[in-house]
Amino acid sequence: MKKIITISREFGAAGGEIGRAIAKKLNYEYYDKEIILQAARSSNIDMESIIRWDERVPINFGFAQSLFDFYNKPLNEKLFEIQRSIIREIGEKGKCVIVGRNANTVLKEFDNGLHVFLHADFHWRLQRMRGKMSDTPESKVGDKIRLIDKARKKYCFYYTNTEFGFADYYDVCLSTSSLGIETCEDIILKLAKDGE
């Protein structure tokens, strides 16, 4: 039985929904942005800063990276280190589903882990998110999907030196638009229970 399940996902690919369903069926704890809130409570960083720097890289990423002083790290780097520490604590306890936050890389050396990447066709994600953002014009929903996907890719590369969505960094990659949400849940549950 896998004691740690991490789910990385494209925006709108139902990662949160699937993660919550898996956690409920396995009677595991579920974590996503809650990790950020825990990070805020355990540090002197205010909530506004936490929200502003969530899944973002420094503005000058790609330029003058050597200027970052290890002992005087920017706020977003301190936040990532706090998050990484909390993710590792959660991983040590086990029986958890963690969505996002580069948890697959943070916990890669932990035993009994299952690392999943969920992706989906852009149009499928657009239709799904339009249903959740009904007051937003379709073009703006599409822009948001692209913006968040791009931010996640940059964040992943900056902090883990890995490529977001690249199969080498996951145990399984599933397309929610091709397979359907329930089928993806069933596959993840079967993989999690293998070896019981």
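Helices here are DSSP runs of H or I with at least four residues, strands are runs of E with at least two, and both are numbered from the N terminus. With that in hand, look just after α7: asparagine 161 takes a positive phi of about 55° there.

This is a predicted model, in which local features need pLDDT of at least 70, side-chain atom pairs count only at pLDDT 80 or more, and totals for chains, interfaces and linings use all residues. Residues are numbered from 1 along each chain as its sequence is written, and side-chain values use heavy atoms, with hydrogens and water left out.

**Overall plan**

The protein has 9 helices and 5 strands. Along the sequence they follow the pattern β-α-β-α-α-α-β-α-β-α-α-β-α-α. Of its 196 residues, 49% count as buried. Buried means under 20% relative accessible area, exposed means over 50%, and partly exposed lies in between (1.4 Å probe, protein chains only). Contact means heavy atoms within 4.5 Å. Among contacts between residues at least 6 apart in sequence, 73% join residues at least 24 apart.

**The sheet**

Strands of a sheet pair through backbone hydrogen bonds, either parallel or antiparallel. Two strands count as paired if DSSP finds at least two bridges between them. Here, an open sheet of 5 strands has the order β2-β3-β1-β4-β5, with parallel pairing. β2 (29-31) and β5 stand at the edges with a single partner strand each, so one side of each is left without a neighbour in the sheet. β2 pairs with β3 (residues 96-99) in the parallel sense over 3 bridges. Glutamate 29 stands opposite cysteine 96 in β3.

**Two helices**

In α7, the buried residues include Val141, Ile145, Ile148 and Tyr155. In α9 (residues 181-193), Ile181, Cys184, Glu185, Ile188, Leu189 and Ala192 are buried. Seen down the axis of α9, these buried residues fall within an arc of 135°, so they line one face of the helix. The arc is that of the directions from the helix axis to the C-beta atoms. An α-helix has 3.6 residues a turn, so residues three or four places apart point the same way. What covers the buried residues of α9? The cover includes β1 (4-9), α1 (15-26), β4, α6 (122-132), β5 and α8 (176-179). The face turned away from the buried side of α9 carries the exposed residues Glu182 and Lys190.

**Aromatic pairs**

Rings of Phe, Tyr and Trp (its six-membered ring) pair if their centres lie within 6.5 Å; planes under 30 degrees apart count as stacked, over 60 as edge-to-face and the rest as tilted. A search of the whole structure finds 5 aromatic pairs. In one of them, the rings of phenylalanine 117 and tyrosine 170 have centres 5.1 Å apart and planes at 40°, so the pair is tilted. This pair links distant parts of the chain, 53 residues apart: phenylalanine 117 lies in β4 (residues 113-119), and tyrosine 170 in the loop between α7 (138-160) and β5 (172-175). Both residues, phenylalanine 117 and tyrosine 170, are buried. Another pair joins phenylalanine 166 and tyrosine 169: the ring centres are 6.0 Å apart and the planes at 50°, so this pair is tilted too. Phenylalanine 166 is partly exposed, at 36% relative accessibility. Tyrosine 169 is partly exposed, at 34%. Ring pairs also link Phe117, Phe164 and Tyr170 into a cluster.
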